[in-house]
There are 2 protein chains.
Amino acid sequence: MSLIVQKFGGSSVADAESIKRVARRVANTRKAGHDVVVVVSAMGDTTDELLDLAAEVTSAVTPSRELDMLLTAGERISMAALAMAINDIGVQAKSFTGSQAGMITDGVHGAARLVEVKPDRIRESLEAGNIAIVAGFQGMNRQSRDITTLGRGGSDTTAVALAAALNADVCEIYSDVDGVFTADPRIVPTAHKLNTVTSEEMLEMAANGAKILHLRSVEYARRFNLKLHVRSSFSELEGTIVIPENSAELTPTHLKEIPLEQPLISGVAHDRGQAKITVVGVPDVPGSAARVFGLINEAKINIDMIVQNVSTDRPNVTDISFTLDQAHGPLALQALEKAQAEIGFEEVIYNEAVGKLSLVGAGMKTNPGVSFTFFEALSNAGVNVEMISTSEIRISVITELSKLDDAVRAVHTAFALDTEGEATVYGGTGR
Amino acid sequence: MSLIVQKFGGSSVADAESIKRVARRVANTRKAGHDVVVVVSAMGDTTDELLDLAAEVTSAVTPSRELDMLLTAGERISMAALAMAINDIGVQAKSFTGSQAGMITDGVHGAARLVEVKPDRIRESLEAGNIAIVAGFQGMNRQSRDITTLGRGGSDTTAVALAAALNADVCEIYSDVDGVFTADPRIVPTAHKLNTVTSEEMLEMAANGAKILHLRSVEYARRFNLKLHVRSSFSELEGTIVIPENSAELTPTHLKEIPLEQPLISGVAHDRGQAKITVVGVPDVPGSAARVFGLINEAKINIDMIVQNVSTDRPNVTDISFTLDQAHGPLALQALEKAQAEIGFEEVIYNEAVGKLSLVGAGMKTNPGVSFTFFEALSNAGVNVEMISTSEIRISVITELSKLDDAVRAVHTAFALDTEGEATVYGGTGR
């Protein structure tokens, strides 16, 4: 008998019918002889509706103890309804809040980090023969005993953290897509589902625009050497297995798909959510760039790629460009404009019409031909590359937004990722 | 500085605007220098919507651990939203679940009884200068650490129990009516609001159809010698003060309204929710009646009035009639029909077309003229009395349902309770 953690997102429990479908699925897993822990998100639009209420009763919705208290009502509803639906088909289930499930966090409301996972009540409940249903996204600050939420991707994190703490055999992440695809099938109709992917590759894909798994949960799974299974709650098909690098399963399973001699490319991720800021005419003296990035750091904004150009016709100034999440654009501009006089640059140019394309694959570590094929494909497709960054298993470029889809298709084809015919299910690897 | 507990029902926090209105009211009480604890029900129709969801995912909605978990999401939403609205106008507020507020109950899901109230966190929060917002209707079973709900009138009970445990100066119960009226103004347009009523009288009124306060919370307040103030959240008017009998305030304040020589009548309550069961042709031997009531008792059904008639033309049999809540009718009929052969009665007649009228007043204890005036008024109005029961401060009768409104008006007039003109606000003393 194995222990399986199953996580169902909001679209999988959007209404009563969906909840009943998930209930049957969970009950079947239990009937097959497994111990089952289920993590659920709030139903469909519940979180948005609660945020709307917050916006109606306050002048500005900001993270707070009370907003967390409000939002956690969403998972309380979905978890209780799911437990009731499972009980109704004759299988024992009990639901637990994040606090009851031992999800102990720090006190940062709206973006709490887990500091400890103590699922004693979940273990007891499993031993008593129950399916344990746990509210995703939420925890409790031990010091203040206040309810907290984990922020973006919180329910995935709950599932992965519980699976790690309970030493589960696998953590299944259910959504409305069939698994991880080589590219977004809305852009690349010939993209295909990956049967397996390493957690290292998944990490690069998640960090570079693939929305199917949140970066944070992939990091957590990788750290605790946990196997993830990304699959659809609308079909019985196997999805994509995300395997920790040092797993014994890795080599034989993962290499099955592609001949050994070829570079192992997992897929092409893209991201339309980036923006590019160019600080024009920064005095070319030591410390200028440091001052620019110091400001951004103080505003707690993560930046991604950086390019510094020395202008040949103006020898004493330089231009500094960097990319960041569009959501942080206004904050970064504000910080820069405030410091314009002090740093002495000429102007700031802000551009959201950029796209980021990333090629991810563990095989490129050892295959020098990858970058040649990559840039050749972009060049042949007439795509101009504005910025570049690389890791051992990834190459990313910033392009004009209008060229992004062409670029994704060109790279997908160049690495022989196309399959015959069209993928039938949206792969969800982009936004 | 005094400590005031304020309870707002679902209609007072039905939407964002109402929540903001309540927030201003609560904040003003705080600004006036009082410590404030607020107990809230779920917003408007939330509880019904959650029950609808439960009905959609299960074949039958029955009290359970999971249903309680589901329903308690309702108060979680209203309390957090209210705390946010109060914080937004610059006054500190924190919300607490029933469990966080120390509402410890037994384990009867859907109808839990309080076993202990330990509001340590509420005290701490008050000392830190916060308004404490507490979820009504809910608690926690200490043994299983499961969330429970208190059942009908639960939020009133939460408020009164917290007020007692915190030794509050007054517990204010806010709803959409102005206070306790001498009769339901929908039936008696000349009914007037009572400025004060004793908790003993309130108990009789609540037990006999007045819906403004739940019997259970009145019992609790009386036991802990707590002053209640029943008032409207839609106006600043004083409502009705419910004073414990042994309160020092009682005599001067309470007697102010009515000349000392007259009987002290508080009002006329009515109840359309009763049913009458007649068991016809019960063998007139010792133990027959005991067996009938034994059955009803085993089914855990409360009965109210009882009449046993000896039939003159059939000397060996008797008819037994009793009244009970309509909700328990089917269960009682089932229990009786199952035992028909054993007890040997002829048939059971079930009648919901009955009304109950109760005259309540502490003054009737010592005034023998009350019952004469009462029955004379009913007789003059052509109302036939089917059953009678009395306590020291109440006379109740069962009448034909179609005669109930006439009966209420006749009694109200006979005891000089009519005021000039019409009452402008619904008094909510009937259902």
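A:Ala381 is located in the loop that connects α13 (369-380) with β19 (387-391) of chain A; helices (H or I, at least four residues) and strands (E, at least two) are DSSP runs numbered from the N terminus. The model is predicted: local features need pLDDT of at least 70, side-chain atom pairs count only at pLDDT 80 or more, and totals for chains, interfaces and linings use all residues. Residues are numbered from 1 along each chain as its sequence is written, chains are lettered from A and ligands numbered from 1 in the order in which they are written, and side-chain values use heavy atoms, with hydrogens and water left out.

With a relative accessibility of 28%, A:Ala381 counts as partly exposed. Buried means under 20% relative accessible area, exposed over 50%, and partly exposed in between (1.4 Å probe, protein chains only). A:Ala381 and A:Glu201 are separated by 180 residues in sequence and by 26 Å in space, C-alpha to C-alpha.

**Relation of the two chains**

Chain B is superposed on chain A by a rotation of 180 degrees with 0.0 Å of shift along the axis, at an RMSD of 0.2 Å. The superposition is by least squares on the C-alpha atoms of residues with pLDDT of at least 70 in both copies. The two copies are thus related as by a two-fold rotation axis. In chain B, the C-alpha nearest the axis belongs to B:Ala73, 2.4 Å from it. Both copies use the same surface, since 100% of the contact residues of chain B recur in chain A; contact means heavy atoms within 4.5 Å.

Between the chains, A:Arg65 lies over the face of B:Phe96, at 4.9 Å from the ring centre. Likewise, B:Arg65 lies over the face of A:Phe96, at 4.9 Å from the ring centre. A charge sits over a ring if NZ of Lys or CZ of Arg is within 6 Å of the ring centre and within 35 degrees of the ring normal.

A:Phe96 is also one of the residues touched by A:Ser125, together with A:Lys94 and A:Asn130, not counting residues up to four places away in sequence. A:Ser125 belongs to helix α5 (residues 120-127) of chain A and is buried, with a relative accessible area of 6%.

**An open sheet in chain A**

Four strands of chain A form an open sheet with mixed pairing, in the order β5-β4-β7-β8. Two strands pair if DSSP finds at least two bridges between them. β5 (114-117) and β8 (146-149) of chain A stand at the edges with a single partner strand each, so one side of each is left without a neighbour in the sheet. Strand β7 (residues 138-141) of chain A is joined to the antiparallel β8(A) by four bridges, and A:Asn141 has A:Asp146 in β8(A) as its bridge partner. Helix α6 (residues 154-165) of chain A lies across β4 (103-105), β5 and β7 of chain A, at about 40 degrees to β5(A); axes are lines fitted to C-alpha atoms, for helices over the stretch in contact, and angles run from 0 to 180 degrees between N-to-C directions.

**Aromatic pairs**

Over all chains there are eight aromatic pairs. Rings of Phe, Tyr and Trp (its six-membered ring) pair if their centres lie within 6.5 Å; planes under 30 degrees apart count as stacked, over 60 as edge-to-face and the rest as tilted. Among them are these two:

| Pair | Centre to centre | Angle between planes | Type |
|---|---|---|---|
| A:Phe293 and A:Phe322 | 5.6 Å | 65 degrees | edge-to-face |
| B:Phe293 and B:Phe322 | 5.7 Å | 65 degrees | edge-to-face |

In chain B, B:Phe293 lies in helix α10 (residues 288-298) and B:Phe322 in strand β16 (residues 317-325), so the pair ties together parts 29 residues apart in sequence. Both B:Phe293 and B:Phe322 are buried. A:Phe322, at 0% relative accessibility, counts as buried.
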